Amino acid sequence: MVYTRPCFCHLNLDQENVDNELLQKCGTLRDYAIFNQIYQNNLQNNIDGPAREAKYYRIEKDNLREYLLKAGEDVMSFLTAEYDWKEDIRVNRKEAYAEGEDLIN
C-alpha cells in the first residue's frame, strides 16, 4: 500500500518569484502561490478566518476550485495547524507499526 502525505510549502510572490519559470509553466503551483499570498495578506490585515476567506476567494475566481471544494478543509487545517514534532513521531511510529502488522499477517 502506498501512503501519501500532503505537503504544503509557502511560496512568496515577490517580484523575483512572479517571473519564476516554474510558476509560469505550472498553473496549479502558480494558483497555490496566489492562494498562499492571499492567505498571508489576510493574516497581516487581521481578517477574520484568513484561510477560509482565501479559500472562498480562490473558488470564486475559479482557481483551484475543484481541489479546494474537495480538500479545502484539509488545506485550511494545514495552514492553521501548529507543527508538533512529538505528535509527528508518534503518528509515524504508529503507521510503521501498522505496516509491520500487515506484513506479518
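## Buried and exposed residues

A residue is called buried when its relative accessible area is under 20%, and by this cut-off Arg58 is buried, because its relative accessible area is 5%. In this predicted model, buried residues make up 24% of the 105 residues in the chain.

## Overall architecture

The chain is built from six helices and has zero strands. Of the contacts in the chain with a separation of 6 or more, 45% are accounted for by residues 24 or more positions apart. The accessible surface of the chain comes to about 8,300 Å², and 51% of this surface belongs to carbon and sulfur atoms.

## Salt bridges

The structure contains three salt bridges. In one of them, the side chain of Arg58 meets that of Asp31, with a distance of 3.8 Å from N to O. Arg58 lies in helix 4 (residues 50–60) and Asp31 in helix 3, so this pair ties together parts that are 27 residues apart in sequence. Like Arg58, which is buried, Asp31 is buried, with a relative accessible area of 14%.

Another salt bridge joins Glu87 and Arg90, whose closest N and O atoms are 2.6 Å apart. These two residues are three residues apart in helix 6 (residues 85–104), which means that about one helical turn separates them. Glu87 is partly exposed at 35% relative accessibility, and Arg90 is partly exposed with a relative accessible area of 44%.

## An aromatic pair

A search of the whole structure finds one aromatic pair. Tyr32 and Phe35 form this tilted pair, with 6.1 Å from centre to centre and 35° between the planes, and both residues are buried.

Terms used
Residues are numbered from 1 along each chain as its sequence is written. This is a predicted model: local features need pLDDT of at least 70, side-chain atom pairs count only at pLDDT 80 or more; totals for chains, interfaces and linings use all residues. Side-chain values use heavy atoms; hydrogens and water are left out. Helices (H or I, at least four residues) and strands (E, at least two) are DSSP runs, numbered from the N terminus. Buried means under 20% relative accessible area, exposed over 50%, partly exposed in between (1.4 Å probe, protein chains only). Contact means heavy atoms within 4.5 Å. Accessible areas come from the Shrake-Rupley method with a 1.4 Å probe; for residues, only the protein chains shown count as cover. Rings of Phe, Tyr and Trp (its six-membered ring) pair if their centres lie within 6.5 Å; planes under 30 degrees apart count as stacked, over 60 as edge-to-face and the rest as tilted. A salt bridge is a side-chain nitrogen of Lys or Arg within 4 Å of a carboxyl oxygen of Asp or Glu.
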